[in-house]
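Work through the exercises below with the model open. Try each task before reading its solution.

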Amino acid sequence: MTTNAGGVPRTRSLAKAVTVLRAVSARPGASVSSIARETALPRATVTRIVATLADATLLARSEDEGWVLGPELVRLARRADPYRGLCRAARPQLV
């Protein structure tokens with residue numbers, strides 16, 4: 001585990017998984033080898049992370065056998081609403 005400036009422990013494996021997700025997002029269709037090169041993580045580590053993320057449908061194989069963001073990640077992202085607070089604050093003024 002690592003800690004940030006506030007002293008709260010962090011899980012390195014989760015940070016690595018986020019790094020892999022960002023790499024796949026930047027290069028849809030990437031292979032495990034290219035993800036490993038881009039993230040500077042060992043190929044074996046990337047293989048395990050990709051398999052785990054695929055099990056959760058956060059990643060999926062593309063038609064050309066590379067990796068893309070999966071349907072569960074897309075579903076979760078669609079639920080994010082960066083304007084929720086703005087809409088809540090504006091609602092009384094609009095009624």
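**Exercise 1. A residue in a loop**

In which loop is the place of Glu65?

Solution. This is a predicted model. Locate strand 3 (59–61) and strand 4 (67–69); Glu65 sits in the loop between them. Now check its backbone. Phi of Glu65 is near 75°, a positive value in a residue other than glycine. Most residues other than glycine have a negative phi.

**Exercise 2. Another positive phi**

Find the loop that holds Ala40, and decide whether Ala40 is buried or exposed.

Solution. Start with position: Ala40 lies in the loop between helix 2 and helix 3. Next, the backbone: Ala40 is not a glycine, yet its phi is positive, about 60°. Last, accessibility. The cut-off for exposed is over 50%. Ala40 has 68% relative accessibility, so it counts as exposed.

**Exercise 3. Helix 1 against helix 2**

Describe how helix 1 and helix 2 cross, and list the residues that meet.

Solution. Take helix 1 as residues 12–26 and helix 2 as residues 32–39. Their axes come within 10 Å and cross at roughly 115°. Helix 1 is therefore roughly perpendicular to helix 2, since 65 to 115 degrees is the range for that label. The crossing of helix 1 and helix 2 is right-handed. From helix 1, the residues are Thr19, Val20, Ala23, Val24 and Ala26. They meet Ile35, Glu38 and Thr39 of helix 2. Sorted by class, this contact of helix 1 with helix 2 has five nonpolar, two polar and one charged residues.

**Exercise 4. Helix 1 against helix 3**

Solution. Helix 1 contributes Lys16, Ala17, Val20 and Leu21; helix 3 contributes Thr45, Ile49, Val50 and Leu53. By class, the contact of helix 1 with helix 3 divides into six nonpolar, one polar and one charged.

**Exercise 5. The whole chain**

What pattern does the chain follow, and what radius of gyration does it have?

Solution. Count elements: five helices and four strands. Read along the sequence, they give β-β-α-α-α-β-β-α-α. Then compare sizes. The chain has a radius of gyration of 17 Å, whereas a compact globule of 95 residues would have one near 12 Å. Its C-alpha trace spans about 55 × 40 × 20 Å along the principal axes. Finally, burial: 23% of the 95 residues count as buried.

Note on methods
Residues are numbered from 1 along each chain as its sequence is written. This is a predicted model: local features need pLDDT of at least 70, side-chain atom pairs count only at pLDDT 80 or more; totals for chains, interfaces and linings use all residues. Side-chain values use heavy atoms; hydrogens and water are left out. Axes are lines fitted to C-alpha atoms, for helices over the stretch in contact, and angles run from 0 to 180 degrees between N-to-C directions. Helices (H or I, at least four residues) and strands (E, at least two) are DSSP runs, numbered from the N terminus. Angles under 35 degrees count as roughly parallel, over 145 as roughly antiparallel, 65 to 115 as roughly perpendicular and the rest as oblique. A crossing is left-handed if the near helix is turned anticlockwise from the far one by less than a right angle, and right-handed if clockwise. Contact means heavy atoms within 4.5 Å. Ala, Val, Leu, Ile, Met, Phe, Trp, Tyr, Cys and Pro count as nonpolar, Asp, Glu, Lys and Arg as charged, and the others, Gly among them, as polar. The radius of gyration is taken over C-alpha atoms; the globule rule is 2.2 Å times the number of residues to the power 0.38. Buried means under 20% relative accessible area, exposed over 50%, partly exposed in between (1.4 Å probe, protein chains only).
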